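This report is written for a reader who is new to protein structure. Please keep the sequence and the model in view while reading.

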Amino acid sequence: MKDIQEQIIKTAAQLLTEAKADIVIGFSDSSLPMRATPCFITNADDAQQLVWNSYCLNNLAIYLPECFALDPHVKEQKPPPKVAVIAKGCDGRSAVGLIKELQVPRENLVIIAVPCPGMLDATIAQRLIGTSEIVSAEESGDTVIIKDQTGKETKFDRKELLAEACRFCTHRAAPVSDMTIGELPKGGEALAPDERFEEFSKKSTEERWDQFCRELSKCILCNACRSACPNCYCKVCFADQTRPNWTGTGGPLRDVISFHLGRMFHQAGRCVDCGACVRACPMGVDLRTFTYKLVKDAKELFDYTAGFDIERVPPLIEFNVDDSDNFITEPE
Ligand code: SF4
Ligand code: SF4
Ligand code: SF4
């Protein structure tokens, strides 16, 4: 990955020097072990700060709408900046969704596709290590050696520490890009079958609803899942509107359910299964089982996978007489 990192630094410096980008969004080192921090490079001399390692987990597309947001207090808007983003599969797919939904002007975005090896999740590592804090981690091939506070070293196979979304990911390369660094992996098999999801899919409607309500009863409506999602960019979320007041802001389970039903249906045909919402949840709510059902339904009912094709209109904003509509007219 050092080689990819060198190329990222070189490419970012070149884009900034040649004024082909005003900002490069990538990752820099973190002060915490097993983490990388999103960073915004605006000067070629600072490109050295960019890193590429197994902890570049965040979906960087979340920062794109803000880069192009208009200032409501200014009459004459500045021209939009040129933004370059280091893109794994999930960042790239989210960026495509944002372009389609006119949150990001295509001509001002440089998508730099990099090969994603599947990212490691520090919280999974900490759970496996136990209560002693992780102080460092080193990779040697597929082995990760983690040292904790007591000085003890524990070896893991890389696969054990993969973020959940990465374990099931089949799209590790950005499908749309302007530049490519390294050899991009082809789409393919997930590293493990998603047994939890398969089990959920086989359930009856009533059983699925029970599971949904039971899981969501852990939710404290903190909205971290919404804030972490690159596709949740509305300036005023339906859940915060007061006229009409779609949902309450806490307390009864019905408020929680109505918020999540609204948010999840807004993700139908848009969710790229990056797992950012799940990782942000302080209550460990298994949101993925439900959002992934929508990913699967969009594929099965409309042959649509989010984030692949800038031109294709997402299924829920167009009507086609050939669409399957049994789920509306003939509920199970
Ligand atoms: S979800 Fe896929 S593309 Fe995104 S970090 Fe994980 S493996 Fe990489
Ligand atoms: S709903 Fe979750 S998994 Fe889907 S795009 Fe948003 S943050 Fe990623
Ligand atoms: S992050 Fe978790 S607790 Fe917070 S609103 Fe989302 S599901 Fe609920």
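Which residues do ring pairs link into a cluster? Ring pairs join F200, W209, F212 and F290.

## Basis of the report

The model is predicted, and local features need pLDDT of at least 70, side-chain atom pairs count only at pLDDT 80 or more, and totals for chains, interfaces and linings use all residues. Residues are numbered from 1 along each chain as its sequence is written, chains are lettered from A and ligands numbered from 1 in the order in which they are written, and side-chain values use heavy atoms, with hydrogens and water left out.

## Aromatic pairs

The whole structure contains 5 aromatic pairs. Rings of Phe, Tyr and Trp (its six-membered ring) pair if their centres lie within 6.5 Å; planes under 30 degrees apart count as stacked, over 60 as edge-to-face and the rest as tilted. The pair of F197 and Y292 is edge-to-face, because the ring centres are 4.8 Å apart and the planes stand at 75°. F197 belongs to helix α6 (residues 195-201) and Y292 to helix α11 (residues 288-302), so this pair ties together parts that are 95 residues apart in sequence. Helices here are DSSP runs (H or I, at least four residues), numbered from the N terminus. F197 is buried at 3% relative accessibility, and Y292 is buried at 16%. Buried means under 20% relative accessible area, exposed over 50%, and partly exposed in between (1.4 Å probe, protein chains only). The charged end of R288 also sits over the ring of Y292, 4.3 Å from its centre; this term requires NZ of Lys or CZ of Arg within 6 Å of the ring centre and within 35 degrees of the ring normal.

W209 and F212 form a stacked pair, 5.6 Å centre to centre with 25° between the planes. These two residues are 3 apart in helix α7 (residues 205-216), so about one helical turn separates W209 from F212. W209 is partly exposed at 43% relative accessibility, whereas F212 is buried at 6%.

## Surroundings of the ligands

A residue is near a ligand if one of its heavy atoms lies within 4 Å of it. The shell around ligand 1 includes K88, C90, C116, C166, C169 and H171. By class, this shell holds 5 nonpolar, 3 polar and 2 charged residues. Ala, Val, Leu, Ile, Met, Phe, Trp, Tyr, Cys and Pro count as nonpolar, Asp, Glu, Lys and Arg as charged, and the others, Gly among them, as polar.

Among the residues around ligand 2 are C229, R263, C271, D273, C274 and C277. Helices α9 (253-267) and α10 (276-280) each supply at least two residues of this shell, which divides into 7 nonpolar, 3 polar and 2 charged. Of the 13 residues around ligand 3, C219, C222, N223, C225 and C281 come nearest. The shell of ligand 3 has 11 nonpolar, 2 polar and no charged residues.

## Positive phi angles

Most residues other than glycine have a negative phi. L221, which is not a glycine, has a positive phi of about 50°. L221 lies in the loop between α7 and α8 (224-228) and is buried, with a relative accessible area of 14%.

D273 is another residue other than glycine with a positive phi, near 60°. D273 lies in the loop between α9 and α10 and is buried at 15% relative accessible area. D273 also belongs to the surroundings of ligand 2.
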